[in-house]
Amino acid sequence: MKIIELKSGEDLNGAVKNAGAAEEEEILIKMAPGKYQGPVTVDRGNLTIEGTDPLTTVITGKLAAFEIMEDGQKRGTFRTQTLFIDADNVRLKNLTVENTAGDGDKVGQAIALYADGDCLEFENCRFLGHQDTLFTAPLPEKEVEPGGFRGPKEKAPRRKGRQYYRDCYIEGDVDFIFGGATAFFENCEIHSLKREMGYVTAASTPEDSEFGYVFYKCRFSSDAEEGSSYLGRPWREHAKTVLIECEIGRHIAKEGWYDWNGRASSGTVYYAEYGSTREGAYDNDIRDFAYKLTEEEAKKYNKTSVLGKR
């Protein structure tokens, strides 16, 4: 294994380039406490980026969708990311990735992490932002409006990937976990910021994917008003999101899930829960768009079944 050590403020992009293009050798980039300026692109696999502690090791950026570019066009969602992973077999550990652009009502979408690849792993990390904090690629096949996917993967083939998040903290307000990946979140805190109405997830699961998002023993927390957020809304017609034994706070509306443009009630979307606890837990009489799984059905949603053997 080749080890590259970075001091506070040094160039993370440069360290990735110094790792070399050949991916036969495993690379470990160790980051000392401090702030590292984004945007950063990771386009080499078989790579681990490890901080000292997520509270003190931070990759930061503040690009936002409403910014006007040199060509007179808005930056758009998919050119705002602080960290862009475009490779397989990449691991992040003990660090924070943040987008500090601010309130989406004022600045638009602002991605902290754009994760596009297979076998991506994130352990003890924090992902901080407001609207669209974490994008779990791939993009849907087609945008709703021309130019809506303008960015590094706009014209690239859509490739399904598996992502694993363990002991992470993810923060935002609107659609702050979104995309088409198969992603397993284990023992994570999913924190909704105060907003008049918020949405935690916006999955765009491909039609032929068995799994979309699975949250396993996660905590959905917030200081926001009671009933001011939904667990999710479908970005595309085959969105899949399942919660297993999660703690759901009072900020989650009793309906749980939002029927975005009639997609949730179309019969193609799949939302399900098992063993939810606390004030926002499943209510049979109100959760119109979600299934209450049996104990036997819930067994299917384990890490190995969802992600396969790693």
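Start by selecting Arg 195 and Asp 173: their side chains meet in a salt bridge at 3.5 Å, N to O (a side-chain nitrogen of Lys or Arg within 4 Å of a carboxyl oxygen of Asp or Glu). Arg 195 sits in the loop between strand E18 (189-192) and E19, and Asp 173 in the loop between strand E15 (169-172) and strand E16 (174-179), 22 residues apart. Strands here are DSSP runs of E, at least two residues, and helices are runs of H or I, at least four, numbered from the N terminus. Both Arg 195 and Asp 173 are buried (buried is under 20% relative accessible area, exposed over 50%, partly exposed in between, with a 1.4 Å probe and protein chains only).

A word on the model: it is predicted, with local features needing pLDDT of at least 70 and side-chain atom pairs pLDDT 80 or more, while totals for chains, interfaces and linings use all residues. Residues are numbered from 1 along each chain as its sequence is written, and side-chain values use heavy atoms, without hydrogens or water.

Next, pick Glu 226 and Arg 250, a salt bridge with its closest N and O atoms 3.1 Å apart. Glu 226 is in the loop between strands E21 (219-222) and E22 (229-232), and Arg 250 in the loop between E24 (247-248) and E25 (270-274), so the pair ties together parts 24 residues apart in sequence. Glu 226 is exposed at 51%, and Arg 250 partly exposed at 43%.

Finally, zoom out: the chain has four helices and 26 strands, and the structure holds 20 salt bridges.
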